[in-house]
Every structure is written in structure tokens, then in C-alpha cells.
Amino acid sequence: MSAPAIWSLAKSSGNSVETRERSRCSRVDNTDVALSWPRRLKKSYDVVIVGGGGHGLAAAHYLARDHGLTDVAVLEAGIIGRGNSGRNTAIVRSNYLTPEGVRLYRESMKLWRELSAALDINVFYSERGHLTLAHTEGTLRTMRWRAGVNQELGVDSELIGPSDVARLCPKLDLACGGMPILGALYHPPGAVAAHDAVVWGYARAAMRAGVEVHQNTRVQGFDVREGRVVGVQTSEGHVSANRVLCAVAGSTPRITSLLGLGTPIVVHPLQACISEPMHPWLDPIVVSASLHAYVSQDARGTLVMGAALDGYELHQPRSTFDFMEELSSAMLDLFPLLGRVRIVRQWAGMADMTPDFSPIMGPTSIDGFFLDAGWGTWGFKATPISGKTMAHTVATGTAHPLIEPFRLSRFVDYALIGEKAAASVGH
Amino acid sequence: MKLFDCPELGERPLSEFVYGGAVRAAPSVDATDDAWAEHVFHRHGAPALRTEWWYHRPSGTWFWVTRDTASDAVAAVRSASTNRTEENAP
């Protein structure tokens, strides 16, 4: 490991210059996108995608690019990217625990590295290195396990000791308020990205290919005939479609209940906040599952921070002072220098949680109705691969091999994928 | 600090309470595998007014709380620990 710069958008590892070069793409051309908004819905489409977040728009893009399907409408109840796509903390990593999860996120990171060039928009993909801190022997054991699985599957991930942690993150207090840091799982390719650019990049690419994106268009029901979806009722009228992809994150139970389709998904708020902008001082992304806190510093110098999932079900993206209080306490244990730093904004998203912390992807018991859901606290990093594999699944009618294990029916045949390395959940 | 106005305990910080999930009837032991899978994993996750288990840690009391999962408004609270009989089960 080379000694880290206090601040570097492009890391000093081998791919740094390349990454920086790839980021030199055109700026967002809002006029261009604004001109492409369609006026009203057509009577029918080959494919309807419910949900104009990163996942839905990415699926629209890959349907057009990889499968030549452009008679596609994306229906968004509000405005694009205003749900969880604009509420996450924009961290990208692939150091998961289950082989199924690691393979999926590993492929996602390959797409992330090329995304700025592929979408011709700067998504500010910045590889910082990702540290998951261990404060107990038990956590160290799980990290050794994770590092083993990661390395076996070709993901750069290793267990490091306290001195290496201090070298990578000099401002961290290793004593950590009485819960000393014993080591960390270090994942050098861990990255952050600009989530709005991802949403707009995919939307623009899909629109250029002929996909229609309809904002303020709420889905109110579905037409199902003989077990097959044939149409969608919306606030802007009825459309016929034989293939529907549902990618609505925290609104998934509302949509599936319109179809009488059972899922294990429950919705909990997940909160986050940012500090005032600071002089750049934090290079890696730092996570402590034991303290329920994680932080990264974005390109504007603000600290982006989050904690654990809220403890009870609620369909509201509301913020609480309790969250701020608990998070501040944990952050001060990790970084005592933050004592006088102010919080400027906090918000929440609605996380669609599954019992095994893995997503639900693929065909369902209703022909033509495909689900991309259960993305809980881990959806942003999967945006490119979820779009690509769901596009394949919708176009061919068969689950892409990478997502086959994530089928909804695993909850009937007890083939769960216990992902204990998911973000923001206590273990 | 968010407070929860409990009719039995008075106003207490919400952080003293632990959510225990929706109150649901278990299938009989000889129910089909599908019925058991449904009970173990599947949830009615859409917003609804429903009765839930809540535990008050300091006093060790279980409650049945009828709550709207969209608005977070509580409609009724009953102690499950002291009054648990067949008649008043939710």
C-alpha cells in the first residue's frame, strides 16, 4: 500500500490517471434533456418501467442499447431521481460476504469505472478506498471471512491492522471512545459518485435512444388477464404493455399490493446528513458497523454521514433528532476533531428491506411482471448492473444468470442469501 | 427526543421502546410448507393501520399498539403482558 494523499480525487494506485482522464467528459446539458420530455402517454408500449430512479432509468438505457428495445416508457410518480436515487450516500463497493452478492457488485464496479465515458457525463466516480472498522474479535473474524470470499472472487480486499488503519486515515482516533479499533477490512477500489449525475446520465442516454420518460405519472393499477400483465392504469391514462418492470424501491409494497403479489419486503426509513463544507481531510470512506456510523467527504468538502436503519416500519422519509444525536456521538468517538463542525442538512429515504439483506430481482408469478426491489440500504452501488441484468431479463423473459439467485421464489423454497455485509444494518 | 404518550406509562422517550413487528396469527403445526413459508417470510408491507408488538425495555412490558404505518399516528395501546387473554388478543 502506498501512503495515501490527504486528499486525492484520483488515487495514487495504478488506475488513477485513467480514472481522472475518463472523468473529463462533457457537463450535464440540461437543455438537451429538457427538450426530450414527452407530452402525453401513447396508448401502448413494448415495455413499461415503473419508477424513474437510477435502477429504472438504467434498465431503460440498457434495454435500448443492448437489446434494441426503444418503445419503452418510464413512469415516475414524482420527478426523476427524487426518491432513494437522490437520498443515498453514494458509496460504491463490492466487498460483500455471499458469493452471489460479491459477483453482482463486482460486475457493477466494472460498469462504474466506464460509466462517465459510456454516458458522456461526469459521474465524479472517485476511488477512495473503503475501511470497515473492527472494534471486537467477533467483527475481525467476520472480516477475515469476507476478505477470503472477496479474494477468491477476484475482489481487492484485505484485513489490515491498526497501524495500517492509522496510515490510511490519520485523523481517526484509534481509542475510539472506549471501543478501540483492532483492525479493518480494507477495500481499495471503494468509491463515491455523484448520484444526480448518474440519474440524469442514464435518463439522457435512454431518451436519446427514443425511450419516453414521464414524470408526475402515478401508477394506480394493473390489468392482468389469465395470469399475464396486459396494461397499466396511471394518473395520466391507461397504457397497454405486455412487459412491466417495477423498480420503485421504498414504494414496492404499494405497487405489489395493487397486484396481490406477496413479498417479504418491509419499509423502514434510513436517515443521512451532511456537514458544512470543510477543508479536504478525509480520503477513504470509513464505516463502523459496531458504532452504526459511516462517513465520506464529497468533492465539495462536505462530510456525508449515515447511521443504522430506523427501528420500526414507516412509510415516510422523515428526519429525527434522535438520529442526529446518536450519529454525532458515534462520529465524535471516531473523529474528535469534528466537535465544532455544524450539520447543514439531514434527510431520509424509504428502504425496502428483505429478511436476508439481499435484493429481489427477476420474473414473478405474474407473467410479464418483473421485479427489481428489496434494495434496502444497498441499492445505489448496484445501479449499473441492476439496469443491465434487468434489461436482459425483461428482453429475454429469463433471469440473467447473475441475478437468478435473487429470485422472489427463494422465500418459498428457503434458499435465502444471508448478506451480513449489507450497509446500515446491525449484525 | 421523540416522546411516545403511553396511556399506561405516561409520556416516555420513544428510544425506550423496541418494535416487535406486526401481530400475526401463526398457522397450525400441520399447515402446508407454503403456508409456513408465507408466515415466516411474507409480510404485508404496504402502508396500513394495524396492530403491532412493542416492548418497553425499562419496565419489561409488552404492548399491542395499533398504528398507522403511513402517518405514524397511534390509534390504541393495550398492555399485552398483564391482560393477555383470548378475548382481548388483537
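This report walks through the aromatic pairs and nonpolar cores of a predicted model.

## Aromatic pairs

Let's start with the rings: across all chains, 16 aromatic pairs are counted. In one of them, the ring centres of Phe222(A) and Phe369(A) lie 5.6 Å apart with planes at 80°, and since planes over 60 degrees apart count as edge-to-face, this pair falls in that class. Phe222(A) belongs to strand 10 (residues 219–225) of chain A and Phe369(A) to strand 20 (residues 369–373) of chain A, so the pair ties together parts 147 residues apart in sequence. Phe222(A) and Phe369(A) are both buried.

## Across the chains

Another pair joins Tyr312(A) and Trp54(B): the centres are 5.1 Å apart and the planes stand at 65°, so this pair is edge-to-face. The pair crosses between chains, with Tyr312(A) in the loop between strand 17 (303–307) and helix 9 (321–334) of chain A, and Trp54(B) in strand 4 (residues 49–56) of chain B. Both Tyr312(A) and Trp54(B) are buried.

Chain B also has a cluster of its own to look at: Trp53(B), Tyr55(B), Trp62(B) and Trp64(B) are linked by ring pairs.

## Nonpolar cores

The largest nonpolar core holds 63 residues, and Ile49(A) and Leu104(A) have the most contacts inside it. Among the elements of chain A that each supply at least two residues of this core are strand 1 (47–50), helix 4 (99–119) and helix 10 (383–396). Beyond its neighbours within four places in sequence, Leu104(A) touches residues including Met361(A), Trp375(A) and Phe406(A).

A separate core of 30 residues includes Val295(A), Leu327(A), Phe335(A) and Leu338(A).

Technical notes:
Residues numbered from 1 in each chain as written. Chains lettered and ligands numbered in written order. Predicted model: local features only at pLDDT ≥ 70, side-chain atom pairs only at ≥ 80, totals over all residues. Heavy atoms only, no water. Phe/Tyr/Trp six-rings, centres within 6.5 Å; stacked < 30°, edge-to-face > 60°. Helix = DSSP H or I, 4+ residues; strand = E, 2+ residues; numbered from the N terminus. Buried < 20%, exposed > 50% of the residue type's maximum accessible area, 1.4 Å probe, protein only. Core = buried A, V, L, I, M, F, W, Y, C linked by side-chain atoms within 4.5 Å. Contact = heavy atoms within 4.5 Å.
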